[in-house]
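Subject: Structure handover

Hello,

The structure is placed just below, and my notes on it follow. Please read them with the structure open.

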Amino acid sequence: MKKKRIEKNRIAGYTVLILLAAILSISVVYLPEFGSFQNKKVALFYLRNGLIFTGSANIVNSIVWDFRGYDTMGEETVLFAATMGVFLIIRRKRYGYNR
Amino acid sequence: MDIIVRTVSRILFPLIILIGSFTALHGHLTPGGAFPAGAIIATGFALLVLVFSEGDVEHKLTRNELIDLKSVSGILLIILILSIGATFRENLLSTQIPLNIWSGGFTLFSNIAGMFMVITAIVLIIYSMVRE
């Protein structure tokens, strides 16, 4: 009984995987050409209005800290979590972790 | 280490700090920003840890100081970024000329806070990895 269920689950998993692979392969055909400027309204918006909206001449900085500031906040959180993770893993009880 | 290496790194360390600070402070004008600046300055501290002993460096810049700095800069960064929602498109300092140091609104302060976040993260990781 249990074996049968596992077999069923495996068949379902393979079907889902094959479907996913097929969808992804088909969608590759419809990607825009490499380097083409079709359908890049967002990029053009940033390029044209970055200096006007944020006032910073470096376009990357204006995107990182202004247009996508919440994303950067998440990045810093990840950095903080990574540091705390290293601290947790490499701490010696002999010294106490806060030394 | 060798006396040559020690002397050269003693001369080189302030220059590394200078370049990193420049990269952070001019992040909104020239290529660079908070993350490269933090990486550059943390590289300077890595050089110090490599050349001199780890205890000497940690005596000057202790772990608790680093953790305090990290907390303060993190809180500052969160406040700055959450204030974007209120001041987007009309930054508090947006009336200045572009390519001036006081342009770009909060970007300058965000760059400084982010630089401190990256420096403290990398230096703390170096400290705990070196001791192991």
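Helices (H or I, at least four residues) and strands (E, at least two) are DSSP runs, numbered from the N terminus. On that basis chain A reads α-α-α-α from the N terminus on, that is, four helices and zero strands. Chain B has six helices and zero strands, in the order α-α-α-α-α-α from its N terminus.

On conventions: residues are numbered from 1 along each chain as its sequence is written, and chains are lettered from A and ligands numbered from 1 in the order in which they are written. This is a predicted model, in which local features need pLDDT of at least 70 and side-chain atom pairs count only at pLDDT 80 or more, while totals for chains, interfaces and linings use all residues.

Confidence and overall figures

The model scores ipTM 0.79 and pTM 0.77. The average pLDDT (the predictor's confidence in each residue, from 0 to 100) of chain B is 85, and 90% of its residues score at least 70. Taken along the principal axes, the C-alpha atoms of chain B fill a box of roughly 55 × 25 × 15 Å.

Burial is counted on C-beta atoms placed from the backbone: a residue is buried if 20 or more other C-beta atoms lie within 10 Å of its own, exposed if 12 or fewer, and partly exposed in between. By this count 17% of the 99 residues in chain A are buried. For chain B, with 132 residues, the buried share is 37%.

Two residues are in contact if their C-beta atoms, placed from the backbone, lie within 7 Å. Of the contacts in chain B with a separation of 6 or more, 74% join residues 24 or more positions apart.

Where the chains meet

The contact between the chains takes 26 residues from chain A and 32 residues from chain B. On the side of chain A, the elements giving two or more residues are helix 2 (41–54), helix 3 (59–67) and helix 4 (69–89). Helix 4 of chain A gives the most, with 11 residues. By class, this side of chain A has 14 nonpolar, nine polar and three charged residues. For the classes, Ala, Val, Leu, Ile, Met, Phe, Trp, Tyr, Cys and Pro count as nonpolar, Asp, Glu, Lys and Arg as charged, and the others, Gly among them, as polar.

Asp66(A) is in helix 3 of chain A. Is Asp66(A) buried or exposed? Asp66(A) counts as buried because it has 26 C-beta neighbours inside 10 Å. Neighbours within four places in sequence aside, Asp66(A) is in contact with Thr54(A), Ile84(B) and Thr107(B).

Helices 2 and 6 of chain B

Helix 2 (residues 34–51) and helix 6 (residues 107–131) of chain B pack at an angle of about 30 degrees, their axes 8 Å apart. Axes here are lines fitted to C-alpha atoms, for helices over the stretch in contact, and angles run from 0 to 180 degrees between N-to-C directions. The residues making this contact include Ala34(B), Phe45(B) and Val49(B) of helix 2 and Asn111(B), Met115(B) and Val130(B) of helix 6. By class, the contact has 17 nonpolar, three polar and no charged residues.

The nonpolar core

A nonpolar core is a set of buried Ala, Val, Leu, Ile, Met, Phe, Trp, Tyr and Cys residues joined through C-beta atoms within 7 Å. The largest one has 31 residues, and among those with the most contacts inside it are Phe45(B), Met117(B) and Val123(B). Helix 4 of chain A gives two or more residues to this core, as do helix 2, helix 4 (63–82) and helix 6 of chain B. Helix 6 of chain B supplies the largest share, 13 residues. Leaving aside neighbours within four places in sequence, Met117(B) is in contact with residues of both chains, including Glu76(A), Leu79(A), Gly38(B) and Leu77(B).

Two further residues of chain B

Phe106(B) lies in the loop between helix 5 (84–87) and helix 6 of chain B. Phe106(B) is buried because 24 other C-beta atoms lie within 10 Å. Thr7(B), in helix 1 (residues 3–25) of chain B, counts as exposed because it has 11 C-beta neighbours inside 10 Å. Thr7(B) and Val51(B) are 44 residues apart in sequence, with their C-alpha atoms 9.9 Å apart in space.

Regards
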